[in-house]
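The sequence and the structure are shown first.

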Amino acid sequence: MHALVLEQSEGKTLATVKQLSPDALPPGEVTVDVSWSGLNYKDALAITGKGKIIRQFPMVPGIDFAGQVRHSEDPRFHTGQQVLLTGWGVGENHWGGLAEQARVKGDWLTPMPEGLDGRRAMIIGTAGLTAMLCVMALEEGGVRPDSGEVIVTGASGGVGSTAVSLLSSLGYRVTAVSGRPSTHDYLHQLGASEILPREAFSADSRPLEKQRWAGAVDTAGDKVLASVLAQMNYGGVVAACGLAAGFALPTTVMPFILRNVRLQGVDSVTAPAERRLTAWKRLVKTLPDAFYQQATTEIALADAAASAAKLLNNEITGRTLVKIR
């Protein structure tokens with residue numbers, strides 16, 4: 001099997017495609033022949049060594065993958081079955097999807113939902129799953145399309161762009177926040193009715209601002225999230241899933257105790273299997289075909305290291321898919 005292997009030498013991370021024996025794979029009940037993987041921001045940080053993602057070497061990166069079961073000791077999965085995986089620390093502390101085979105725990109796998117294939121599953125990926133979990137959090141908090149406008153921060157990123165598409169498809173009026181003017185046409189195509197600049201949310205906010213949003217999906221954190229909280233309608237819900245702007249939260253209790261605002265954290269890494277499957281089925285049902293026609297770059301495993309550097313330099317638009325077989 002071929003795999004992208006990360007090793008460390010003199011404090012530097014080296015990424016090389018190597019031929020390995022499948023016997024080298026880590027323990028797990030299910031072995032999968034990987035067909036598709038993807039390059040996420042976290043993968044790029046790991047591959048380039050610019051983020052302290054990997055703590056044990058050698059490591060095969062790739063936090064997402066889709067493929068078919070080669071061998072299973074778990075009765076829930078059978079040889080030839082199509083499956084996908086996101087999260088669970090795979091590609092960080094357990095060998096991941098940028099290889100021709102992966103061996104993982106059965107608990108970490110999701111059966112491929114009807115109507116989805118490996119390529120489409122990887123266009124959605126971890127980002128899309130997280131976006132759907134955020135939408136579900138808003139719904140569970142009582143935010144409906146007729147409740148008012150919903151704002152999505154970091155809207156040009158993977159989670160944000162999928163959230164815009166999902167919310168628009170479900171009938172919500174969506175305002176997108178983006179720091180890149182070059183993405184505005186793309187966001188309008190996905191269904192955003194209005195686009196606001198990131199700078200409008202980057203300054204210190206007052207404890208309470210004019211009420212504007214019924215719901216919010218926040219991928220930014222820090223002052224951006226604080227500004228959004230101050231602008232929430234009475235009874236509004238914010239689904240927070242990222243820290244692109246920072247992990248601090250310089251806010252007050254005012255939105256919570258005076259406007260009954262709910263701040264709901266959303267995690268996709270260790271989300272329970274049943275909730276994952278529900279989210280994946282809803283993604284298949286809700287995302288329009290046009291979503292899969294978005295800017296997508298397909299690369300081979302041999303190109304993954306070079307593409308990781310380009311991704312960090314903002315030289316790639318949209319999703320990067322890695323065709324393994």
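The text below treats the sheet and then the salt bridges.

The model is predicted: local features need pLDDT of at least 70, side-chain atom pairs count only at pLDDT 80 or more, and totals for chains, interfaces and linings use all residues. Residues are numbered from 1 along each chain as its sequence is written, and side-chain values use heavy atoms, with hydrogens and water left out.

**The sheet.** Helices (H or I, at least four residues) and strands (E, at least two) are DSSP runs numbered from the N terminus, and two strands pair if DSSP finds at least two bridges between them. An open sheet is formed by 6 strands with parallel pairing, in the order 10-9-8-11-12-13. Strand 10 and strand 13 (262-265) are at the edges with a single partner strand each, so one side of each has no neighbour in the sheet. From one strand to the next, the twist averages 20°; axes are lines fitted to C-alpha atoms, for helices over the stretch in contact, and angles run from 0 to 180 degrees between N-to-C directions. Strand 11 and strand 12 (residues 232-240) run parallel and are joined by 5 bridges. Opposite Met232 in strand 12 stands Trp213.

Two helices lie across strands of the sheet, where contact means heavy atoms within 4.5 Å. Helix 3 (residues 158-169) lies across strand 8, strand 9 (174-178) and strand 11, at about 160° to strand 8.

**Salt bridges.** Side chains of opposite charge can pair when their charged atoms come close. A salt bridge is a side-chain nitrogen of Lys or Arg within 4 Å of a carboxyl oxygen of Asp or Glu; by this rule there are 16 salt bridges.

| Pair | N to O distance |
|---|---|
| Asp289 and Arg120 | 3.6 Å |
| Glu194 and Arg212 | 2.9 Å |
| Glu209 and Arg206 | 3.1 Å |

Asp289, in the loop between helix 7 (273-286) and strand 14 (296-300), is 169 residues apart from Arg120 in helix 2 (residues 118-140). Buried means under 20% relative accessible area, exposed over 50%, and partly exposed in between (1.4 Å probe, protein chains only). Asp289 is exposed at 51%, whereas Arg120 is partly exposed at 26%.

Glu194 belongs to strand 10 (residues 194-197), and Arg212 to the loop between strand 10 and strand 11 (213-218). Glu194, at 25%, is partly exposed, as is Arg212 at 32%.
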